[in-house]
Amino acid sequence: MSLEKIVEGESEVDEKDFLQQLKAADEKLGFMREIVEPEENGNGELNGIPVVVKDAICVENVTTSAGSNIIEDYSPVFDATVVERLKDAGAKIYGKTNQDEFGFGTFSTNCAFQTPKNPHDEERVVGGSSGGAGAIVAAMDSPIISIGESTGGSITNPASYNGVVGITPTYGRVSRYGLISYGNSLDKIGVLSKNVYGAAKGLEVIAGEDEKDQTTVDREVPEFSDLEKAEDLKIGVPKQYEDLEGIEDGVRENFEESLETLESLGAEIERVDMPLLSADYSVAAYYVLAMSEASTNLAKFSGMRYGMEKDPEEFDGYNEYFSAVRTEGFGEEAKRRILLGTYTRMAGYRDEYYIKAAEVRQKIINQFKDAFEEYDVLVAPSMPNIAPKIDEAESMKPSEVYAMDTLTVGPNLAGVPMISVPNGKSEGMPTGLHIIGDHFEEEMILDLAYTYEEKRGESQ
């Protein structure tokens, strides 16, 4: 039964049965960081609905380690705002999902604890960094709301690889209070679900201004779940995304079929030139800015206040102590990003790298704003490929991994909302259609995703 019917009170999830299924699926696929028996929460529109939360988002008295050994045993004494709102709405929190360490990855192969497996093919990755959050939605038969977080595409990516729906809201639409940050100016908490309605309802509950997060906006939250048919939209297809080198044939074929479906709904489709979305600009700017912010955020994990620590008496000064803790506590990718981020912020290099990247980001924002003056939404493939095999992903060079984010880092830099919806399969693995909207136009992209979902359902 659909989440919509459950939310409307037509059925309930059996808690004991769901917990058993969750444990069995996790034993096979490894997508959970910790499973907990849910507490009784307030009555509301999500009464009894199963919810899981990405490991970087704080849940009171539940291990929150952001996929890293350096805070392996951290147990928060408070809930993140999004978790608090879910509980107030009656949702049942069943635990935390595995992720790349601090969000540093594209495949969830950088998790300090285990690499989750794709429910469609256990030899393949689940995507990242919200990989566990996407995999659990695909693996479980019951409707479920999974809370993810995106910095450069970490909701769209696992949504596409696992064949589920994932919405990344406008920056500032959802509170980041209680999130262990990767990049403060980029991080956005969003929702993954089996269908568009579930994603819309989840976003509706967690969105809204929060006095604990000054980057949230004072803006009324629409009834996102009141989905309507979207027709006669003018849709732009960025040439830089459609012509991206490396898009697999199956992904391209599914995207072309998606365009035909959208045209059958009355959409007018045109190609639009957005040169700054090419990898040479968007990927470079994103990683300079994201790594710079990451190196700053991770400076606090030094073995002094919380997390991994050693006996300071055994070291000749604090520098040696800090180095020992951070060398042991951080994984390889985290160290790489700390080093590169620190380098780009150093005197003598800041103007050369960080400032230039910030200027490129502003130009990307302007390019999106110009596009949305002409088009209602933009569309592209969600990812250029199907989920690669785990051993293939682990053998990729860092530069190859970073290039995989070309289709998602541009919208994330601009802070605009986006949703990935399944649009077919290639070699037995799911692919996704990415729908991108202007700032605070979540209603439009949800309506279009819902209409597309319904149309595809009719044709299958």
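Residues are numbered from 1 along each chain as its sequence is written, and side-chain values use heavy atoms, without hydrogens and water. Because the model is predicted, local features need pLDDT of at least 70 and side-chain atom pairs pLDDT 80 or more, whereas totals for chains, interfaces and linings use all residues.

The chain contains 16 helices and eleven strands (DSSP runs numbered from the N terminus: H or I of at least four residues for helices, E of at least two for strands). Its radius of gyration, 21 Å, is close to the 23 Å that the globule rule gives for 460 residues, so the chain is as compact as a globular protein of that length (C-alpha atoms; rule, 2.2 Å times the number of residues to the power 0.38). The C-alpha trace spans about 70 × 55 × 45 Å along its principal axes. Of the 460 residues, 61% are buried (under 20% relative accessible area; exposed, over 50%; partly exposed, in between; 1.4 Å probe, protein chains only).

Surface patches comprise residues with over 30% relative accessible area and no salt bridge, joining like charges within 9 Å and nonpolar side chains (Val, Leu, Ile, Met, Phe, Trp, Tyr) within 5 Å; a salt bridge places a side-chain nitrogen of Lys or Arg within 4 Å of a carboxyl oxygen of Asp or Glu. Tyr343, Met346, Tyr349 and Tyr353 make a nonpolar patch of about 340 Å². Tyr353 lies in helix α12 (residues 350-374) and is partly exposed, at 34% relative accessibility. A negative patch is formed by Glu220, Glu223, Asp226, Glu228, Glu441 and Glu443.

Notes
Areas by Shrake-Rupley, 256 points an atom, 1.4 Å probe, with all protein chains shown as cover. Lys, Arg positive; Asp, Glu negative; His and termini not counted. Charge placed at Lys NZ, Arg CZ, Asp CG, Glu CD.
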